[in-house]
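Hi everyone, thanks for coming. I'd like to walk you through one model this morning, so please have a look at the screen.

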Amino acid sequence: MTVTQPTADDATLAIAELLREEEIGAVAVLDEDGFPSVAMMHFAGDGLRAYLHTFTYTRKYASILRDGRVSYTVAHMPSDGFDGRTQARHVQVTGRATFLQEPDEIEHVLQLSHEQFDWLKDSDMYENFRRAGVRLRQVFFRVDPIHGVWQDNRVRMMFRTKVRFSDDGKRVTELTPYPMTGPSVPSIAGAES
């Protein structure tokens, strides 16, 4: 049986689709002691770029100011659980976070957020971004992807590959096989008493 391998273009489309369709993911920053600190966040996807919102009084904000290296994961977990496992997929991305300063990019993210988050249609949570002269305690940041892992059971069960992104973060440029080996776990049947 011939197994068709996805291309870098296939990965670009699948990851962009996942970022556009899935709202919640986890983002990890490096805390003041250099340890990962993880938070669940809302993600607005624009191609392979992820946009997130936080407040200036959070540890996350201070951590990104100190060190913009971040990682995140976003997943599609079918609502029918195990029975839907052939549709499960996720991406793990390592990238660089940048706080948005330009009004045009902030407006773009506001539009993306309103398109992607149904709950935002009845909320004025982001309206301060549009008010002139308001000192904001809210900020958006963009994660420009560098590399990661893409897992997609729609390709085949347990399919995963390492991905490398273009310098501008707009496409996947390289797929590298994900090693499915590691330290072996001793069998209980072979253990001596």
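Let me begin with a question: among contacts in the protein between residues at least 6 apart in sequence, what percentage join residues at least 24 apart? The figure is 60%, where a contact means heavy atoms within 4.5 Å.

Some ground rules before we go on. This is a predicted model, in which local features need pLDDT of at least 70 and side-chain atom pairs count only at pLDDT 80 or more, while totals for chains, interfaces and linings use all residues. Residues are numbered from 1 along each chain as its sequence is written, and side-chain values use heavy atoms, with hydrogens and water left out.

Now the overall layout. We have three helices and nine strands, in the order α-β-β-β-β-α-β-β-α-β-β-β along the sequence. Those elements are DSSP runs numbered from the N terminus, with helices being H or I of at least four residues and strands E of at least two. Of the 193 residues, 41% count as buried; buried is under 20% relative accessible area, exposed is over 50%, and partly exposed is in between, with a 1.4 Å probe and protein chains only. The protein exposes about 11,800 Å², and carbon and sulfur atoms supply 52% of that; the areas come from the Shrake-Rupley method with a 1.4 Å probe, and for residues only the protein chains shown count as cover.

On to helix α3, residues 103-116. Its 14 residues reach 20 Å from first C-alpha to last, close to the 20 Å expected at 1.5 Å a residue; the expected span is 1.5 Å times one less than the number of residues. Buried residues in α3 include Ile106, Val109, Leu110 and Ser113. Seen down the axis, the buried residues of α3 fall within an arc of 165°, so they line one face of the helix; that arc is taken from the directions from the helix axis to the C-beta atoms. Why would one face show up like this? An α-helix has 3.6 residues a turn, so residues three or four places apart point the same way. The buried residues of α3 pack against α1 (8-21), β3, β4 (49-55) and β7, whereas the face turned away carries the exposed Pro103 and Asp104.

Next, the aromatics. Rings of Phe, Tyr and Trp (its six-membered ring) pair if their centres lie within 6.5 Å; planes under 30 degrees apart are stacked, over 60 edge-to-face, and the rest tilted. That rule gives six aromatic pairs. In one of them, the rings of Phe43 and Tyr72 have centres 5.0 Å apart and planes at 55°, so the pair is tilted. Phe43 sits in the loop between β2 (36-42) and β3 (44-46), and Tyr72 in strand β5 (69-76), 29 residues apart. Both Phe43 and Tyr72 are buried.

Phe99 and Phe141 make an edge-to-face pair, 6.0 Å centre to centre with 70° between the planes. This one links β6 (89-99) to β7 (138-152), across 42 residues. Phe99 is buried at 14% relative accessibility, and Phe141 is buried at 0%. Together with Tyr61, Phe99 and Phe141 form one aromatic cluster.

Last stop, the arginines. Arg85 lies over the face of Phe82, 3.8 Å from the ring centre, and Arg160 over that of Tyr178, at 5.5 Å. The criterion is NZ of Lys or CZ of Arg within 6 Å of the ring centre and within 35 degrees of the ring normal. Thanks, everyone!
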